[in-house]
Amino acid sequence: MNGRWVAVDGTASMVDQQWYFTKDELLDTPSIHAGYTYQAEQIDRTKGCLYILAVAAKLNLPQLVIATACTFFHRFYMRHSMKSFPVYDIAATCLLVATKVEECTRRLKDFLNVCAQKAQKNDSVQFEENSKDFWKWKNTVLANETVLLEAICFDFSIDHPQAALLELASELDVPEECVRRAWMLLYQALGMPLCLIYHPRVVATAALLLAWHFSYENQPPTDWWATTGLDPAEINELAADMLDYFQEHYHIRKPSSTPTPTTKSPYYANSPHYTSSSQSPSPYSNPSSSQHRR
């Protein structure tokens, strides 16, 4: 796994700091001010990101574009309300902007047709370029593009956890199978607003820890924490949150040895993805290919 994902050092510049929030601030977003509950907002964040994944898969877009689009999506709703800007409209706009940022564009007609297909859950939808429906979608996305660019302050520089994962894999000498599983866990966690709370290295370490528990019966090497320089309690709590999310949305079975938080915050217990019982087990699949950032 090498290539186009940018390396990170786990810290953030002054510019980047504007995109990090406390968990209390996630309880005080524009959507919540507009009448959403915390749970409803998190569910719609997941819906928007899953929509991005579905459209991107149909257009054969690389994971880098998807990760960038989901980051734009989460950042947007820290500045605007879901009541004013429907999640599917903004999700489509975020993906369009991400294709431009990551230099992986598609014909606008093809892009809008797939967006409409996934929004309407009907893959037979096809717009002609002079049709009213085509122009309605086009005008909506292009109008939202201006709002999105202003909301994200034209900040197109994003550090993704995948880059930190590649660094950690080298530092900790982690088996490739475990790294591949952690990579997929990061992909599946895009619906969670982790990019708003945690630095990329923290998210990558939590994914790697969870992947280790999925892959092996024994605990990870004791020198992991000294090497990463991160707080084990924070990593274990985040890994537990991620596991609950995966069980809710992907029906992934719980590993035999599961990381658990030392103390459960109210955010953990009240998460819409929290569940006290595991879901039906299913085999866990690894990604067949990965796209990377320079």
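Helices are DSSP runs of H or I with at least four residues, numbered from the N terminus. The model examined here is predicted.

**Exercise 1.** Determine in which helix valine 87 lies, and whether valine 87 is buried or exposed.

*Solution.*
Step 1. Valine 87 belongs to helix α4.
Step 2. The relative accessible area of valine 87 is 12%. Buried means under 20%, so valine 87 is classed as buried.

**Exercise 2.** Identify which residues valine 87 is in contact with, leaving aside neighbours within four places in sequence.

*Solution.*
Step 1. With those neighbours set aside, the contacts of valine 87 are Asp44, Phe73, Tyr77 and Met82.
Step 2. Consider also lysine 47, which is 40 residues from valine 87 along the chain. A distance of 7.8 Å separates the C-alpha atoms of valine 87 and lysine 47.

**Exercise 3.** Describe the largest nonpolar core: how many residues it has, and which elements give two or more residues to it.

*Solution.*
Step 1. The largest nonpolar core has 48 residues. Ile52, Ile66, Phe72, Phe73, Tyr77, Leu95 and Trp137 have the most contacts inside it.
Step 2. Two or more residues of this core come from each of α2 (38–58), α3 (63–76), α4 (87–101), α5 (108–120), α6 (132–151) and α8 (176–188).
Step 3. Helix α4 provides the largest share, nine residues.
Step 4. Domain 1 (23–152) and domain 2 (161–250) each supply at least three residues to this core.
Step 5. Apart from this core lies another, of 36 residues, including Leu186, Leu209, Trp212 and Ala239.

**Exercise 4.** List the residues that leucine 95 touches, not counting those up to four places away in sequence.

*Solution.*
With that exclusion, leucine 95 touches Ile52, Val55, Ala56, Leu61, Val65, Ala69 and Phe111.

How values were computed:
Residues numbered from 1 in each chain as written. Predicted model: local features only at pLDDT ≥ 70, side-chain atom pairs only at ≥ 80, totals over all residues. Heavy atoms only, no water. Core = buried A, V, L, I, M, F, W, Y, C linked by side-chain atoms within 4.5 Å. Buried < 20%, exposed > 50% of the residue type's maximum accessible area, 1.4 Å probe, protein only. Domains from an automatic or database assignment. Contact = heavy atoms within 4.5 Å.
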